[in-house]
Amino acid sequence: MGILPILFLYKFLFFTDIIFMRIFGKEVKLISVFCYPLIILSLVLLVLGILSFFDVEAVDSIAVMNSARGFLVTVGFCGFLCFACTDSGQKALIVSACDCISCFVYYAVTGYSYGVLTAILLAVGMSYIAINTDLMPITVAGAIISTVFALLLSMLDSPIELVTKWLCGLLSDSPSVAAVVGNISSVLFGNRFGAMYYHSDFTGAVFVDGSAVTGAVDIFAANSHYSSVLKYLTGKYIVNTFVTIGVVSALFTKLKGANRYCLIFAAVVSVLVGDNSALSIFVFIYNPYLYVGYLGLIFVSYFTTILTRLGIGYTNYGSIVELIMYGNKWMYFTVIGIVVAILSYYLSKLVLSRFDFENMRHYPREVKKLIKALGGEENIQCINHGRLYVDNPNLIDILSIDCEIHENEITLIKDDLDLLQDYF
């Protein structure tokens, strides 16, 4: 139910290279650009999470971490994408400042932060404006556009609130499905669903010492003896720790450089602090099919803990510190965790073996036609000194392409050669 509307976005992400090639005139991979903001986000969340262990009042609020997440994701995505598209640090700084204004305006009006979907749309729009625009016009236009964007989006706040309430009510007795929807919502749209679902009467309402307490997290914080609310919370520990271990183990050897560091930092935040938002965003951008598998693992984690009546609550994010404080039935918890970690590893390996987008290249239609006529991508070696070289000239479809063949050296007309030049 929650996944179907997102499938269109997956198609968008699969063909991002083509979209950016046509919009910006150059190939841009989302994960290569956005891993740097995610590293910064992970480090900030790690610091805030560690400080919250010591009851530092300024960061002892989930709202602070949610706001920091939305702010850093939006400003970081916009700035780094602009720099990748324009190669101008000044333009990137101006765009980041404008989007910073947009974040503050939206938060001031609604009390919520942007999600990844909004951040990407804003980043693409602002970067496109910055390509062929001078610094002063970018500053003025960017400030106006980003402010108007925030105000227009804030006008949808009431309908979004109603839809979120309806969805929370629909899933009030389905904690496993709600965990999946909550992750999708937090990645794409911000943490509105999670804040409403786990802190209001959709997940329970009781009287503690004569006062009404609503929401699974708040009920557990007030009195941990209300075991009925634990079915909404326990699965998060399995997701934060064991699903993270399985997915990261499968991904680690395939990544290098900044992408690998991003994965490591996001995993540390998930296990130590209990906030898996950076890891979820990374998986979503890196390989959307893997993200679908990740959502399935979230469902399994919550559903398994409910079946086995394994009840462990939390009052903040479900960090490893809270696990030690509130944990019980350690043998059952460990066995379930190990099984889920193994399942996560092999499922991730299976998805990555079938859908390896990191090594897959997407071509415009006219380039695809040329490549097919030349015997396929694997038949093309390189272009050197105006000549194209292939492995097997017999695979070339001479009826579909105008060329001269001299063993493995191919002479193409200039237009065709120029089309292929950027790719080989």
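Two strands pair if DSSP finds at least two bridges between them. Helices (H or I, at least four residues) and strands (E, at least two) are DSSP runs, numbered from the N terminus. The model is a predicted one, in which local features need pLDDT of at least 70 and side-chain atom pairs count only at pLDDT 80 or more, while totals for chains, interfaces and linings use all residues. Residues are numbered from 1 along each chain as its sequence is written, and side-chain values use heavy atoms, with hydrogens and water left out.

**The hairpin**

Select residues 205-208, strand 1, together with residues 211-214, strand 2; the two run antiparallel and are joined by four bridges. Val 208 has Ser 211 of strand 2 opposite it. Two residues separate the strands of this hairpin, and Asp 209 in the turn has a positive phi of about 55 degrees.

Turn next to the open sheet of four strands, whose order is 3-4-6-5 with antiparallel pairing. Strand 3 (380-384) and strand 5 (403-406) are the edge strands, each pairing on one side only. From one strand to the next, the twist averages 25 degrees. Within the sheet, select strand 4 (residues 387-390) and strand 6 (residues 409-412), which pair in the antiparallel sense over two bridges. Here Tyr 389 faces Glu 409 of strand 6. Strands of a sheet pair through backbone hydrogen bonds, either parallel or antiparallel.

Axes are lines fitted to C-alpha atoms, for helices over the stretch in contact, and angles run from 0 to 180 degrees between N-to-C directions.

**Helix 5 and helix 6**

Select residues 89-110 (helix 5) and 116-131 (helix 6), which pack at an angle of about 140 degrees with their axes 11 Å apart. Helix 5 and helix 6 are therefore oblique to each other (angles under 35 degrees count as roughly parallel, over 145 as roughly antiparallel, 65 to 115 as roughly perpendicular and the rest as oblique). Their contact (heavy atoms within 4.5 Å) involves Lys 91, Val 95, Cys 98, Asp 99 and Ser 102 of helix 5, and Leu 122, Met 126, Ala 130 and Ile 131 of helix 6. These residues comprise six nonpolar, one polar and two charged (Ala, Val, Leu, Ile, Met, Phe, Trp, Tyr, Cys and Pro count as nonpolar, Asp, Glu, Lys and Arg as charged, and the others, Gly among them, as polar).

**Aromatic pairs**

Rings of Phe, Tyr and Trp (its six-membered ring) pair if their centres lie within 6.5 Å; planes under 30 degrees apart count as stacked, over 60 as edge-to-face and the rest as tilted. By this rule there are 15 aromatic pairs. Display Tyr 114 and Phe 149, an edge-to-face pair at 6.1 Å centre to centre with 70 degrees between the planes. Tyr 114 is in the loop between helix 5 and helix 6 and Phe 149 is in helix 7 (residues 135-154), so the pair ties together parts that are 35 residues apart in sequence.

**Two further helix pairs**

Move to helix 12 (residues 235-252) and helix 17 (residues 330-354), which pack at an angle of about 35 degrees with axes 7 Å apart. The contact of helix 12 with helix 17 has 14 nonpolar, five polar and one charged residues. Among those meeting here are Phe 242 and Gly 246 in helix 12, and Ala 341 and Lys 349 in helix 17.

Finally, select helix 13 (residues 258-273) and helix 14 (residues 277-286), whose axes come within 8 Å and cross at roughly 145 degrees. Asn 259, Cys 262, Leu 263 and Ala 266 of helix 13 make the contact with Ala 278, Leu 279 and Phe 282 of helix 14.
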